[in-house]
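Subject: Structure handover

Hello,

Please find the structure below. My notes on it follow.

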Amino acid sequence: TSLVVKFPLLDAQGRCYALCGIATDITDRKRAEEDRQKLAKDRLLLLESTGEGIYGIDRQGRCTFINSAAARMLGSLSEELLGQDMHERIHHSFPDGTTYPHATCRIQETLEGGKGCKVHDEVYWRKDGTAFPVEYSSFPIIEDKQIIGAVVVFLDITERKRAEQQLTLSHDQLRK
């Protein structure tokens, strides 16, 4: 593949007396661009091919990417969450409504310490203000040995919690 640039050669009166051109082989550049586009498409397909919520944050906790499963569970559109401080938006409070300090958030610990975590007993908050129990894991995104963000994968565990409560009630009734 070539990129050709043509331009006229003009005489003193401004009349074209010749046409010149420069051809540059851009095969490698075109192939690299196609590879980047395929990689971007594959990444999107991967993110969208799961039922788990997945989002990424930068060092400041702002959303850099989010899959549709995550947005749906959070009652928002992906576009509404991109660029937002995810702690302030979805992880700001404990189940009883008291403030969850940003400094003690396990996801923040991932950003600062670079260690992944798995959490089984917290809640996320939807756009409409309702909370739901989640299980999540958070792991650092590292580039050139520097933490540049984190990826968070989460599940809505409402049904599991409901089943556990039913099982506990049934067990308690059997003991009586």
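In what follows, a residue is called buried when its relative accessible area is under 20%, exposed when that area is over 50%, and partly exposed in between. Please keep in mind that this is a predicted model.

The helix α5

With that cut-off, helix α5, which covers residues 106-113, has these buried residues: I107, Q108, T110 and L111. Viewed down the axis of α5, they fall within an arc of 150 degrees, so they line one face of the helix. An α-helix has 3.6 residues a turn, so residues three or four places apart point the same way. E112 and G113, on the other side of α5, are exposed.

What do the buried residues of α5 pack against? Their partners are four strands: β3 (53-58), β5 (117-125), β6 and β7 (146-156). After α5 comes G114, and its phi is positive, near 80 degrees.

The chain as a whole

The chain contains six helices and seven strands. Read from the N terminus, their order is β-β-α-β-β-α-α-α-α-β-β-β-α. The radius of gyration is 26 Å, whereas the globule rule gives 16 Å for 176 residues; the value for the chain is well over that, so the chain is more spread out than a compact globule. Along the principal axes, the C-alpha atoms fill a box of roughly 105 × 35 × 30 Å.

Of the 176 residues, 29% are buried. Among contacts with a separation of 6 or more, 37% are between residues 24 or more positions apart. The accessible surface amounts to about 11800 Å², and carbon and sulfur atoms account for 55% of it. As for charge, there are 24 positive and 27 negative side chains, and the centres of these two sets are 3 Å apart.

S137 is part of strand β6, which spans residues 131-143. Is S137 buried or exposed? Its relative accessible area is 16%, so S137 counts as buried. Leaving aside residues up to four places away in sequence, S137 touches C117, K118, V151, V152 and V153.

D144 is not a glycine, yet its phi is positive, at about 50 degrees. K145, likewise a residue other than glycine, has a positive phi near 65 degrees. D144 has a relative accessibility of 70% and therefore counts as exposed. K145 is exposed too, with a relative accessible area of 80%.

G21 is 14 residues from F7 along the chain, and the C-alpha atoms of the two are separated by 6.2 Å.

Regards

Terms used: Residues are numbered from 1 along each chain as its sequence is written. Side-chain values use heavy atoms; hydrogens and water are left out. Helices (H or I, at least four residues) and strands (E, at least two) are DSSP runs, numbered from the N terminus. The radius of gyration is taken over C-alpha atoms; the globule rule is 2.2 Å times the number of residues to the power 0.38. Buried means under 20% relative accessible area, exposed over 50%, partly exposed in between (1.4 Å probe, protein chains only). Contact means heavy atoms within 4.5 Å. Accessible areas come from the Shrake-Rupley method with a 1.4 Å probe; for residues, only the protein chains shown count as cover. Lys and Arg count as positive and Asp and Glu as negative; His and the chain ends are not counted. The place of a charge is taken as NZ of Lys, CZ of Arg, CG of Asp or CD of Glu. The arc is that of the directions from the helix axis to the C-beta atoms.
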